Amino acid sequence: MNSVYTVNLVHIQELESIVDAASVSSWQNTEAFWQQRLEIAVSPDTHIDCIVYPNTQAELAAVIAWAGQNGYAVLPCGGGSKLDWGGLVKLDSNLRLMAVNTSRLNRLIEHAVGDLTVTAEAGMKFADLQQVLAVAGQFLPIDPAYPQHATLGGIIATADTGSLRHRYRGVRDMLLGMTFVRSDGKIATAGGRVVKNVAGYDLMKLFTGAYGTLGIISQVTFRVYPLPVASETVLLTGAPGPLTQATQILLSSALTPTAVDLLSPDLVAKLGLGKGLGLIVRFQSIPESVKQQSARLRSVGEKLGLQGASWGENDQKQLWQTLPETIWNHTQDSPIICKIGVRPSEAVKVMDELPIQDAVIHAGCGLGILRFDQTVTAETLLQIRRVCEAKAGFLTVLAAPPALKQQLDVWGYTGSAIDLMRRIKQQFDSENILSPHRFVDGI
């Protein structure tokens with residue numbers, strides 16, 4: 001025991017020489033919040049030696065280089081809001097584990113207002129960036145989980161887009177450039193700071209949704225958009241048949257909503273929005289267009305016998321804040337949160353027939369989030385997964401207690417790209433030190 005402690009002390013002193021004494025914390029001295037967040041990200045038999053807070057990109061690179069040279073695996077983290085997503089991190093033989101926190105890499109590098117681009121360090125919180133952009137009448141059209149805590153790097157690493165995906169597409173489609181630290185501590189870049197940039201490989205798409213297994217993102221450049229002038233939200237509720245018709249009519253029409261989400265009956269009731277399945281649609285444009293489009297959708301709902309309601313500019317803010325908060329709420333003990341993907345045409349049927357509780361599915365793409373209380377069993381989740389797979393879809397377990405994650409494959413991937421993924425992982429991280437075993441098939 002004494003020899004192990006001596007080794008840890010030597011390592012901590014070496015890390016302090018790279019950053020500073022205030023930027024390294026042994027596990028015993030780590031604050032309770034971070035101990036709790038990190039413990040649910042690793043397998044029960046995996047121990048984290050320390051957590052390091054680099055202050056600059058150069059320090060981050062030096063820390064990762066040191067880790068590789070001293071037999072350490074690395075668990076990257078930012079705000080800690082999504083550390084429990086994906087597989088449990090566990091170690092290969094002869095490796096130790098350290099957490100590297102990028103929250104101090106939170107500087108705004110450049111906001112090119114006229115070019116509609118922004119460059120910031122990856123540890124910057126999403127909410128802080130939105131405040132900066134709002135001053136110039138712009139915004140980054142993403143609806144991530146835990147927006148007050150989520151960092152830009154974490155949003156990219158988990159491909160966390162949200163309801164605005166319908167109009168603006170996914171995170172990777174907004175990325176123009178990025179800088180990252182490789183597993184050997186070298187700093188690399190991809191893309192650039194301009195919209196028309198086609199040089200080199202599109203590493204931004206590769207890193208989006210890689211869960212920190214290929215490199216640690218240190219700086220990012222996004223395209224941004226002007227804030228909409230006006231906004232209105234329409235909700236239709238009712239039976240599966242008419243709601244399916246309304247959704248199909250909307251998606252095939254010339255209307256241009258920014259968000260189109262299907263809500264499960266449990267979620268509709270919990271939000272106090274009525275009974276039955278729900279279709280919630282947000283229009284954002286100039287005032288005349290918003291009013292006209294909202295009226296047309298309400299008319300469709302009336303003809304199909306659906307209940308309709310609408311919220312204006314001020315009233316809807318609370319609704320669009322409460323909806324994701326209800327899905328992502330962590331005040332209850334260990335909620336189970338899953339990502340689902342089905343054909344858009346099957347989304348209403350899946351919500352109506354499967355044993356799901358709170359659910360929101362983006363009607364235009366069939367991706368969504370399911371939330372269960374802690375009484376759900378692994379067998380129930382596997383049952384839902386089998387139904388999704390039969391419909392050419394998938395079910396991934398994002399957040400769940402480690403004990404439940406050990407009972408099933410959280411990713412459930414059965415496609416043909418495993419060998420390709422392994423080759424990519426080998427090329428970027430041959431020693432498997434970055435978030436080991438967190439990704440698909442233990443990658």
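Reader: What should I know before I start?

Author: Residues are numbered from 1 along each chain as its sequence is written, and side-chain values use heavy atoms, with hydrogens and water left out. Since this is a predicted model, local features need pLDDT of at least 70 and side-chain atom pairs count only at pLDDT 80 or more, while totals for chains, interfaces and linings use all residues.

Reader: How many aromatic pairs does the structure hold?

Author: Rings of Phe, Tyr and Trp (its six-membered ring) pair if their centres lie within 6.5 Å; planes under 30 degrees apart are stacked, over 60 edge-to-face, and the rest tilted. Here you get eleven aromatic pairs. Take Trp85 and Trp328: their ring centres are 5.4 Å apart and the planes sit at 25°, so this pair is stacked. Trp85 is in the loop between strand S3 (72-77) and strand S4 (96-101), and Trp328 is in helix H12 (residues 315-328), 243 residues apart. Helices (H or I, at least four residues) and strands (E, at least two) are DSSP runs, numbered from the N terminus.

Reader: Are Trp85 and Trp328 buried or exposed?

Author: Both are buried, meaning under 20% relative accessible area with a 1.4 Å probe, protein chains only. Ring pairs also link Trp85, Tyr146 and Trp328 into a cluster.

Reader: What volume does the largest cavity have?

Author: About 330 Å³, where volume is the space filled by probe spheres set on the points, joined across faces, edges and corners. Of its 25 lining residues, Pro76, Cys77, Gly153, Gly154 and Ala157 are the closest to the centre. Helix H5 (152-157) is one of the elements giving two or more residues to that lining, and H5 gives the most, three.

Reader: How much space lies in the second largest pocket?

Author: About 540 Å³. Phe33, Arg37, Gly80, Ser81 and His330 are the closest to its centre among 28 lining residues.

How values were computed
On a 1 Å grid over the protein atoms alone, a cavity is a set of points where a 1.4 Å probe fits but cannot get out, and a pocket is an open set with protein on both sides within 12 Å along at least five of seven lines; lining residues have an atom within 4 Å of a point. Buried means under 20% relative accessible area, exposed over 50%, partly exposed in between (1.4 Å probe, protein chains only).
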